[in-house]
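Dear colleague,

I am passing on the structure below, followed by notes on what was found in it. Please read the notes alongside the coordinates.

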Amino acid sequence: MNILIKISYDGTNFHGFQIQPDERTVEGELNKGIEKTVKHPVKIFYAGRTDRGVHAEGQYANFYSDTTIDIGNLPKVINFNLPNDVSVIDAKYVADDFHARFDAKLKKYRYVIYRSRYRNSLLYNRAYEYPYEVDPDRMRKALSYLIGEHDFNSFMGKGAIVKDSIRSIEKIDVIEDGKFLYLDFVVKSFLKNMIRIVTGTALEIGRGQREIEYMKNALERKSRKAAGPTAPACGLYLVDVKY
């Protein structure tokens with residue numbers, strides 16, 4: 001049976017999602033927890049990688065098992081075998097040829113910014129605490145240049161190994177909620193650190209440190225040096241995946 005699970009995690013103490021030798025990763029903990037639950041080796045296929053420090057409300061992975069545990073109870077049983085900073089929050093059977101990565105249509109990410117002069121201990125490692133005034137309308141105008149398919153080389157982190165840097169952004173929303181500012185991205189896939197670099201650039205524009213056209217110029221120059229700083233990982237969440 002092919003089982004699809006939905007996963008949430010606090011990425012603070014993980015060295016990213018993908019399994020790595022001698023490092024604590026989300027995939028590594030999931031593998032151990034699932035195998036302890038179903039009593040046999042498994043290989044999990046996940047919707048996408050997240051970097052070190054990035055969180056998830058709706059990561060997905062599938063694996064094959066003949067376990068007799070009721071599918072409704074499976075998340076609860078797996079969670080007994082997982083650490084507190086990663087949880088399985090749903091499970092269901094899917095077609096035998098379903099693949100969590102290759103069948104993903106779109107992914108939604110949210111970058112959380114907390115606009116306050118004073119830090120909030122409850123948001124430590126859960127949001128980017130940004131003590132500056134920003135103009136969301138300036139950010140919206142700048143981000144509009146990125147909608148559609150483009151070469152996002154300027155917004156790619158160092159060390160990325162890719163065939164090309166062409167990617168497509170379906171939608172970007174800038175949402176104001178009191179002291180919180182949310183940047184919601186809907187994408188098929190993205191480059192290493194792409195959303196965080198876009199966010200860092202947009203914040204500089206929002207503060208008035210850069211002109212709105214700076215985003216467009218950075219995109220056209222196709223050089224990492226042309227864009228702004230990389231926002232910290234703690235504000236980024238994989239919210240959901242559309243299949």
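At the start of α1, a side-chain oxygen of Thr 25 comes to within 3.0 Å of the backbone nitrogen of Gly 28. This is a predicted model, in which local features need pLDDT of at least 70 and side-chain atom pairs count only at pLDDT 80 or more, while totals for chains, interfaces and linings use all residues. Residues are numbered from 1 along each chain as its sequence is written, and side-chain values use heavy atoms, with hydrogens and water left out.

Ten of the 13 residues of α1 are buried, so the helix is largely enclosed by the rest of the structure (buried means under 20% relative accessible area, exposed over 50%, partly exposed in between, with a 1.4 Å probe and protein chains only). After α1 comes Lys 39, with a positive phi near 70°.

There are eleven aromatic pairs (rings of Phe, Tyr and Trp, the last by its six-membered ring, with centres within 6.5 Å; planes under 30 degrees apart are stacked, over 60 edge-to-face, the rest tilted). Among them, Tyr 111 and Tyr 128 are edge-to-face, at 6.4 Å centre to centre and 90° between the planes. Tyr 111 is buried at 0% relative accessible area, whereas Tyr 128 is partly exposed at 22%.

Best regards

Note on methods. Helices (H or I, at least four residues) and strands (E, at least two) are DSSP runs, numbered from the N terminus. A polar contact is a pair of N or O atoms within 3.5 Å; within protein, one must be able to donate a hydrogen and the other to accept it, and residues adjacent in sequence count only if both atoms are side-chain atoms.
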